[in-house]
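Q: I am new to this structure and would like a close look at a single part of it. Please keep the account plain.

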Amino acid sequence: MFPALVRLVLPVVLLVGLTAAAQPPEGLRGRELKRRRVSLSVATADNPVELHVAPGYLTTLEFDSLVDRDAVMLGGPGGRLALFEVTSRTIVLKPAMDLGPGRGLELAVSFVDGAAPARVVFSLVTHPSEVDAQVMVARLPRTADAIQAELDEVRAACAAKDAELGALRTRNVASGPAGMILAGLLGEESFRVGRTDALGTGEGLLSEETVTYLASGWGAVALRVRNTGSEPWTPVEARLSVAASGDRVNVLAVRMKEPRIEPGGAALVVVETGAPTWPEGAALRLELRDKDGRRRLLIQGFTF
């Protein structure tokens, strides 16, 4: 009789045990998972944003701006979060305990770009019936004054580029002596040619000869460069400045007939400037760079 009773009772006990095991632990039942959007502005930057969190639940914050990971600060004693991970765009956290009244945590997040608002503070608290599972954090558009200031800066940069482009177009038209005369680049005063003894040195680069050309509306430096390194070299950028003051001179173009200077070879490089803006007879400094800026040629102390 007893074995038969055991056979009847045992399945019931197992079923009850499995049903109990399938139930979520107390504290994980009855909470609604929320998806929120938080908009930040300068006016509300000093007000903490309350987030509802709970043990056993993940809360993910997604930002529309890059987060300064090294500046993320979590207030209060440690050990109250079971999981805390920070990337450049997200923060994932899971509390190890309830964060009720008086036990909340403050989470301070700063942004990389420095635009306003530069940071936001979250107050992490436990809510009895809901959890903020996904939080989209967006910074509101900047003020009209900030946008206007940026627009003015862009316009100024565009105006400078337009002037530079106009000068380049003029010089493209002025091909050969006739074209230069028609473009007004050669006047009655003609131009002045000079030679300099200043030799340039760099990473596997030597300047063997430097000649300067100067007119009222333009200037040029022509130098023969020898590549003593083991890799080809192509100058793509020139930085010309006054040696004494460091004032930059506007460079219009860097030109060379060959596509590159092979190891052991040499080529003529011409650096073209706009109208002279430097004091007459001032010593100048010229730096030629390749596209990566790894190999540079520096020539100091020459004059036009």
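In which sense do strand β2 and β8 pair, and over how many bridges?

A: This is a predicted model, in which local features need pLDDT of at least 70 and side-chain atom pairs count only at pLDDT 80 or more, while totals for chains, interfaces and linings use all residues. Residues are numbered from 1 along each chain as its sequence is written, and side-chain values use heavy atoms, with hydrogens and water left out.

Strand β2 (residues 49–53) pairs with β8 in the parallel sense, over five bridges. Strands here are DSSP runs of E of at least two residues, numbered from the N terminus, and two strands pair if DSSP finds at least two bridges between them. Within this pairing, H52 stands opposite V125 in β8.

Strand β8 also pairs with β7 (residues 105–110): six bridges join the two, which run antiparallel. Here E106 is opposite S123 of β8.

Strand β8 covers residues 119–126, and six of its eight residues are buried, so the strand is largely enclosed by the rest of the structure. Buried means under 20% relative accessible area, with exposed over 50% and partly exposed in between (1.4 Å probe, protein chains only).

Rings of Phe, Tyr and Trp (its six-membered ring) pair if their centres lie within 6.5 Å; planes under 30 degrees apart count as stacked, over 60 as edge-to-face and the rest as tilted. F63 and F111 are edge-to-face, at 6.0 Å centre to centre with 70 degrees between the planes. F63 counts as buried, at 6% relative accessibility, and F111 is buried at 6% as well. Together with F122, F63 and F111 form one aromatic cluster.

Strand β3 (residues 59–63) in turn pairs with β9 (residues 130–139) in the parallel sense, over four bridges. The bridge partner of T60 in β9 is Q134. Both strands belong to an open sheet of five strands, in the order β1-β9-β3-β6-β5, with mixed pairing. Its edge strands are β1 (32–40) and β5 (81–86), each of which pairs on one side only.
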